Amino acid sequence: MSRLQGPSPLKRKRPDSNTPSGSLTEHERLLYDLIRSKQDMAIWTRDMKRETNLPDNVVTKSLKSLQTKKLIKEVVNIQNKGRKHYIATEFEPSMEITGGTWYAEGNLDTEFINFLKKHCVKIIYELKVATLEGILDTIRRSRAFNVEFTTQQVEEIVNALVLDNEIMEVKSNGIGEFDSIPVGRVCYTCTSKGGDTGEPKIGALASIPCGVCPQISLCTPDGIISPKTCVYFTKCRCTITRCTI
């Protein structure tokens, strides 16, 4: 899994207007200029033939020559895997072509996704309570991946973990384990003692009503809406006390 355990993030290459093209034939130059003009979107071989009006055998021969000279490369288009697409080597294919971070060589990288999911669960378990930003920051500092993740990508993984019932989404009440997280901020906690394995979690985080309270953003320790005066919070605390005696 080349995208794991490496210090350098994957980055797209910037187009280089001075890319050496050597001594190209007239047909090679025509095809190369066309492919290069498509930048990170690549181009299908049939579209090349249509736009250049070159015979099939000339296109095939010229493409092989351009590949040998390392001026172009073939890429997999996830939307049309059976069609050969080419891109200039100075570009990296766009997300529309590759499918983004979750795809590798045109296929959904389930091994990579599962590894990231387990990594996120481990982070949340160790932090006890974590925000999306906290998870992303820990991933970046861990240097366990060669990929530079975005907030949206981590959110997709976290949402999948919520649906898998491995973690649950709650809102901070600013008390106890939530004391470092602003009141009302969405955060995540594990549903089991051992992260991705273990028995069901017991205690306040598993039962506290604050996580689904619509007034959580107005709740403060000494405010009109407060855990001290909340009937539901009091009932929950009493229930937990009886269960742990």
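Biologist: Is Lys 73 buried, exposed or partly exposed?
Modeller: A residue is buried under 20% relative accessible area, exposed over 50% and partly exposed in between, using a 1.4 Å probe and the protein chains only. Because its relative accessibility is 23%, Lys 73 counts as partly exposed.

Biologist: Before we go on, what kind of model is this?
Modeller: Residues are numbered from 1 along each chain as its sequence is written, and side-chain values use heavy atoms, with hydrogens and water left out. Local features need pLDDT of at least 70, side-chain atom pairs count only at pLDDT 80 or more, and totals for chains, interfaces and linings use all residues, since this is a model that is predicted.

Biologist: Which residues is Lys 73 in contact with, leaving aside its neighbours within four places in sequence?
Modeller: Lys 73 has its place in strand E2, residues 72-75, where strands (E, at least two residues) and helices (H or I, at least four) are DSSP runs numbered from the N terminus. Contact means heavy atoms within 4.5 Å. With those neighbours left aside, the residues in contact with Lys 73 are His 85, Tyr 86, Ile 87, Ala 88, Thr 89, Phe 91 and Glu 92.

Biologist: What separates the C-alpha atoms of Lys 73 and Phe 91?
Modeller: Phe 91 is one of the residues in contact with Lys 73. The two are 18 residues apart along the chain, and the separation of their C-alpha atoms is 9.6 Å.

Biologist: And what separates the C-alpha atoms of Lys 171 and Gly 184?
Modeller: Lys 171 is found in strand E6, residues 167-171, and is partly exposed, with a relative accessible area of 32%. Along the chain Lys 171 and Gly 184 are 13 residues apart, while their C-alpha atoms are separated by 5.2 Å.

Biologist: Which residues of H6 make the contact with H5?
Modeller: On the side of H5, the contact is made by Leu 116, His 119, Cys 120, Ile 123, Ile 124 and Leu 127. On the side of H6, the residues are Ile 135, Thr 138, Ile 139 and Ser 142.

Biologist: How many residues in the contact of H6 with H7 are charged?
Modeller: H6 and H7 (residues 151-163) pack at an angle of about 110°, with their axes 10 Å apart, and H6 is therefore roughly perpendicular to H7. In this contact, Leu 132, Ile 135, Leu 136 and Ile 139 of H6 meet Thr 151, Val 154, Glu 155 and Val 158 of H7. Ala, Val, Leu, Ile, Met, Phe, Trp, Tyr, Cys and Pro count as nonpolar, Asp, Glu, Lys and Arg as charged, and the others, Gly among them, as polar. The contact divides into six nonpolar residues, one polar and, as for charged residues, one.

Biologist: What share of the residues in the protein chain is buried?
Modeller: The secondary structure of the chain comes to nine helices and nine strands. Of the 245 residues in the chain, the buried share is 38%.

Key. Axes are lines fitted to C-alpha atoms, for helices over the stretch in contact, and angles run from 0 to 180 degrees between N-to-C directions. Angles under 35 degrees count as roughly parallel, over 145 as roughly antiparallel, 65 to 115 as roughly perpendicular and the rest as oblique.
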